[in-house]
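Please consult the sequence and the structure shown here alongside the text.

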Amino acid sequence: CMTKCTQCDEDVGATPYNPMPEWKIKGPLCSKCYSKNISEHYPGEHVRLNLMDDEQKKKNLRYLRTKC
């Protein structure tokens with residue numbers, strides 16, 4: 001049985017994300033919808049790897065490794 005995202009109706013995969021209570025969303029979210037809600041409710045500098053293409057992911061991973 002596949003669990004569907006409350007917002008986009010896509011399969012959430014192995015890791016369903018639970019929305020924050022203040023979002024007033026009932027049910028699980030996929031990673032993209034969760035990240036979208038994070039950016040809408042908490043604006044600022046957040047690294048959202050799952051919304052980037054492969055080249056952007058590689059660039060950000062290299063950047064993050066230099067910060068540790």
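Residues are classed by relative accessible area: buried means under 20%, exposed means over 50%, and partly exposed lies in between, with a 1.4 Å probe and protein chains only. The model is predicted, so local features need pLDDT of at least 70 and side-chain atom pairs count only at pLDDT 80 or more, whereas totals for chains, interfaces and linings use all residues. Residues are numbered from 1 along each chain as its sequence is written, and side-chain values use heavy atoms, with hydrogens and water left out.

**Aromatic pairs**

- Rings of Phe, Tyr and Trp (its six-membered ring) pair if their centres lie within 6.5 Å; planes under 30 degrees apart are stacked, those over 60 are edge-to-face, and the rest are tilted.
- The count by this rule is three aromatic pairs.
- One of them joins Trp23 to Tyr34 in a tilted arrangement, with 5.4 Å centre to centre and 55° between the planes.
- This pair links distant parts of the chain, 11 residues apart: Trp23 belongs to the segment before α1 and Tyr34 to helix α1. Helices are DSSP runs (H or I, at least four residues), numbered from the N terminus.
- Trp23 and Tyr34 are both buried.
- Trp23 also forms a tilted pair with Tyr42, at 6.3 Å centre to centre and 45° between the planes.
- Tyr42 lies in the loop between α1 and α2 (54–67) and Trp23 in the segment before α1, so this pair ties together parts that are 19 residues apart in sequence.
- Trp23 has a relative accessible area of 6% and is buried, whereas Tyr42, at 27% relative accessibility, is partly exposed.
- Tyr17, Trp23, Tyr34 and Tyr42 are linked by ring pairs into a cluster.

**Surroundings of Cys30**

- Cys30 is placed in the segment before α1 and is buried, its relative accessible area being 9%.
- Beyond its neighbours within four places in sequence, Cys30 is in contact with Cys5, Cys8, Asp11, Val12 and Tyr17; contact means heavy atoms within 4.5 Å.
- Cys30 and Asp11 are 19 residues apart along the chain, and their C-alpha atoms are separated by 7.1 Å.

**Salt bridge**

- A salt bridge requires a side-chain nitrogen of Lys or Arg within 4 Å of a carboxyl oxygen of Asp or Glu; by this rule there is one salt bridge.
- Lys36 forms a salt bridge with Glu40, with the closest N and O atoms 3.9 Å apart.
- Lys36 and Glu40 are four residues apart in helix α1 (residues 31–41) and are therefore separated by about one helical turn.
- Lys36 is partly exposed, at 45% relative accessibility.

Terms used
Helices (H or I, at least four residues) and strands (E, at least two) are DSSP runs, numbered from the N terminus.
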